[in-house]
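Subject: Structure handover

Hello,

Here is the structure I said I would pass on. My notes follow below it.

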Amino acid sequence: MLYPENLTVNNQGHLCIAGQDTVSLAREFGTPLYVLNEDKVRQNCRGYKTAIDTYYGGNGLALYASKALCTMYTARIAASEGLGADVVSGGEIYTLKKAGFPMEKVFFHGNNKTPDEIQLALDCGVGHIVVDNVYELDTLNKIAASKGMVQKILFRIKPGIDAHTHDFVRTGQIDSKFGVALENGEAFEIHKYAVTLENICVDGVHCHIGSQIFDVDPFKEAAKVMMNFISDLRDKLGIDPHILNLGGGFGIKYVESDDPLAPYEYVKAAIDVVKEVATERNMPLPYLVFEPGRSIVAEAGITLYTVGCVKDIENVRTYVSVDGGMTDNPRYIMYGAKYSACIANKANAENVKEVTIAGKCCESGDLIQENVKLPLTEVGDTLAVLATGAYNYSMSSNYNRIPRPAMVAVKENGEKKVIIKRETYEDIIKNDLL
Ligand SMILES: *Cc1c(COP(=O)(O)O)cnc(C)c1O
């Protein structure tokens with residue numbers, strides 16, 4: 001098996017992440033276990049920052065889309081690398097605030113922010129609210145007025161672009177619950193209304209066209225549409241939306257056939273178009289914002305499991321069951337998401353058998369992956385699922401009252417830190433009152 005560059009195999013034939021033996025990590029911290037390569041996360045953060053510095057003179061900001069993996073520690077990593085962050089809920093705002101994140105560099109998204117969440121955002125000093133709709137705009141204006149403040153906002157725009165990706169994670173077209181549409185004039189009208197509101201300051205526009213996108217074309221198209229819209233707003237309403245936030249969605253490699261570009265290529269492609277349109281329409285260059293989530297943390301993370309029962313059903317298939325499942329990784333059951341896996345204690349062994357990796361939940365669909373080739377697998381083996389850093393822990397649950405795994409951050413210098421402790425049965429019942 002060909003491993004991604006942050007994974008290696010040591011002379012015992014064990015899979016290593018950031019140079020650390022995963023079999024030892026599994027033994028020391030128990031399984032299931034999320035392991036995060038901190039060096040890799042930092043390197044990915046820097047990739048975006050460098051791209052904006054190199055191609056755009058630093059006139060912009062990369063935000064860590066914290067929903068991909070929202071923990072106090074990952075927020076601190078992003079902050080220390082100079083990134084901002086985007087959040088989509090009160091819980092994420094609270095996490096970042098508690099982590100000491102610079103809240104003026106936070107953008108608050110969501111299609112149905114509650115009044116309480118808006119209150120919290122303003123109280124915490126969130127820099128920008130990305131307003132989704134007119135109801136939210138009115139609510140925000142009132143809350144800001146009650147606090148005697150003017151809140152900076154961007155509007156979430158549906159640019160009418162169809163990024164070729166999975167239906168559930170495609171958000172740029174008119175039939176989406178997020179934002180206001182360009183093509184029917186809704187986006188223009190909401191800006192026209194917003195300029196009449198005293199406690200609102202329109203700072204820019206935002207779009208996010210989907211997730212796990214490999215192609216640069218949808219990003220270029222989005223940049224073009226949004227730049228033209230900014231120019232229209234300047235000409236027709238005399239306002240200056242100087243921030244252009246183009247969202248995230250840059251693809252990563254889950255399986256051999258995935259072929260993403262380096263992050264800087266997406267950033268550069270969008271920047272080229274932004275510059276072109278700015279010249280064409282004789283307008284200043286906007287402050288550019290990107291919101292990578294998956295591409296910052298996904299490949300930096302792996303999940304380690306212990307293999308239990310191996311069920312060979314003749315002429316049907318072989319189920320390899322592990323001690324986790326949809327509770328720590330619901331992406332297969334939700335989207336049929338693809339993953340690569342290996343046996344961490346036999347990392348150089350030949351893949352000889354096609355198996356289905358099953359979880360331990362009471363649900364037939366609770367699979368991690370079907371038709372994966374693995375070496376001969378036995379009870380007690382350590383199974384590693386790769387590229388689980390994004391949307392695994394953050395989407396995890398306590399279904400079947402299964403405690404969530406711990407997460408360990410590891411570094412090439414030998415450091416290893418438990419950044420999230422394993423839940424206990426006591427944690428599971430702690431909110432049961434009667
Ligand atoms: C989910 C999301 C992102 C991050 O998407 P990735 O695919 O993880 O890069 C960025 N911006 C918004 C508004 C999002 O909803």
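Gln212 is in the loop that runs between strand E11 (200-206) and helix H8 (217-237); helices (H or I, at least four residues) and strands (E, at least two) are DSSP runs, numbered from the N terminus. Phi of Gln212 is near 55°, a positive value in a residue other than glycine. Its relative accessible area is 15%, so Gln212 is buried (buried means under 20% relative accessible area, exposed over 50%, partly exposed in between, with a 1.4 Å probe and protein chains only).

Before the rest, a note on the source. This is a predicted model, in which local features need pLDDT of at least 70 and side-chain atom pairs count only at pLDDT 80 or more, while totals for chains, interfaces and linings use all residues. Residues are numbered from 1 along each chain as its sequence is written, and side-chain values use heavy atoms, with hydrogens and water left out.

Asn282 also has a phi near 55°, again positive in a residue other than glycine. Asn282 sits in the loop between helix H9 (263-280) and strand E13 (287-290), and with 71% relative accessibility it counts as exposed.

Another backbone point is the cis peptide bond between Thr31 and Pro32, with omega at about -10°. Pro32 belongs to the loop between helix H1 (22-29) and strand E4 (33-37).

On the domains: the chain is divided into domain 1 (7-30 + 300-429) and domain 2 (38-296), with bounds from an automatic or database domain assignment. Their C-alpha centres lie 33 Å apart. In domain 1, 22 residues are in contact with 19 residues of domain 2, where contact means heavy atoms within 4.5 Å.

The largest nonpolar core has 107 residues, and those touching the most other members are Leu96, Leu137, Ile153, Phe155, Leu244, Leu246 and Leu383. A nonpolar core is a set of buried Ala, Val, Leu, Ile, Met, Phe, Trp, Tyr and Cys residues joined through side-chain atoms within 4.5 Å. Domain 1 and domain 2 both give residues to this core, so it lies between them. Apart from it there is another core, of 21 residues, including Leu7, Ala18, Ile302 and Ala347.

Leu246, not counting residues up to four places away in sequence, touches residues including Cys207, His208, Met226 and Phe290.

Val134 lies in helix H6 (residues 134-146). Val134 has a relative accessible area of 41%, so it is partly exposed.

Regards
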